[in-house]
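Hi,

Here is the structure I promised to pass on.

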Amino acid sequence: MAETTEDPRPRRRQARGERRIAEILAAAATVFARLGYEAATTNKIAAEAGISPGSLYQFFTNKEAIARALVQDYLLELGRAHRGALDLADPAGLGLVELVDRVVDPIVAFNLAHPGFKALFARPDMPPELATALAPLQTALRARVEQVIGELAPHRDGAERARAALTCVHIVQGVIPLITAADPAERPPLTGELKRALCGYLESLIARP
């Protein structure tokens with residue numbers, strides 16, 4: 001009986017399709033970062049990817065569909081960055097400087113590696129579907145920060161911990177755009193200022209009244 005071999009062509013086509021999708025998403029991130037979400041168009045994204053608009057439409061029907069796919073990738077990577085930063089076995093056993101380093105550095109690195117993230121999420125008029133997609137991650141982040149603060153400052157009650165977690169998150173969110181927009185030589189000093197602000201704030205929380 002003759003042996004049958006699987007036709008490798010469907011796998012090759014699938015791999016080519018996955019590479020093309022990745023190229024389109026990378027191009028979209030570049031265009032969103034350079035022009036902003038509203039000014040970006042599928043034609044500009046296609047040009048950045050080095051393909052025709054017709055080729056782009058084989059994979060995505062419009063700019064919104066590209067943004068949704070990019071958002072899903074960002075959320076997966078940002079979730080990993082947050083877990084890497086905040087899944088600490090014994091936060092209270094670390095010095096504040098080391099703790100803040102381990103929290104801030106992965107988040108700064110993520111934002112520097114994904115310039116399109118700010119164009120989609122750091123907008124006062126964020127589309128509802130993007131806000132909805134981001135909400136569970138933001139909720140989980142605040143909850144973990146609140147837990148870490150509780151371990152650092154167990155004498156603080158629940159309301160104080162919740163307010164402190166929200167404040168810490170907003171301190172980071174407020175300074176990150178300054179870091180990503182700065183000249184490369186200025187980014188480490190700005191990151192240091194962010195860390196100093198967090199250390200000072202956390203020291204005030206740890207201190208007993």
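This is a predicted model: local features need pLDDT of at least 70, side-chain atom pairs count only at pLDDT 80 or more; totals for chains, interfaces and linings use all residues.

Numbering starts from 1 along each chain as its sequence is written, and side-chain values use heavy atoms, with hydrogens and water left out.

Let's begin with H5, residues 96–113. Helices here are DSSP runs of H or I, at least four residues, numbered from the N terminus. Buried residues (under 20% relative accessible area, 1.4 Å probe, protein chains only) in H5 include Leu-96, Val-100, Val-104, Val-108 and Phe-110.

H5 packs against H9 (residues 187–206). Their axes (lines fitted to C-alpha atoms over the stretch in contact, with angles from 0 to 180 degrees between N-to-C directions) come within 10 Å and cross at roughly 140°. That makes the pair oblique, the class left over once angles under 35 degrees (roughly parallel), over 145 (roughly antiparallel) and 65 to 115 (roughly perpendicular) are taken out. On the H5 side, the residues that meet H9 include Val-104, Asp-105 and Val-108, and on the H9 side Thr-191, Leu-194 and Leu-198 are among them. By class, this contact has 11 nonpolar, 1 polar and 5 charged residues. Nonpolar covers Ala, Val, Leu, Ile, Met, Phe, Trp, Tyr, Cys and Pro, charged covers Asp, Glu, Lys and Arg, and the others, Gly among them, are polar.

Thr-191 is worth a click. It sits in H9 and counts as buried because its relative accessibility is 10%. Beyond its neighbours within four places in sequence, Thr-191 is in contact (heavy atoms within 4.5 Å) with Val-104, Asp-105, Val-108 and Ile-179. Val-108 is 83 residues away from Thr-191 in sequence, yet their C-alpha atoms are 7.9 Å apart.

The other pair is H7 (residues 128–152) and H8 (residues 158–181), with axes that come within 8 Å and cross at roughly 120°. These two are therefore oblique as well. Leu-141, Val-145 and Ile-149 of H7 are among the residues in the contact, as are Ala-162, Ala-165 and Val-169 of H8.

Cheers

Terms used:
Buried means under 20% relative accessible area, exposed over 50%, partly exposed in between (1.4 Å probe, protein chains only). The expected span of a helix is 1.5 Å times one less than its number of residues.
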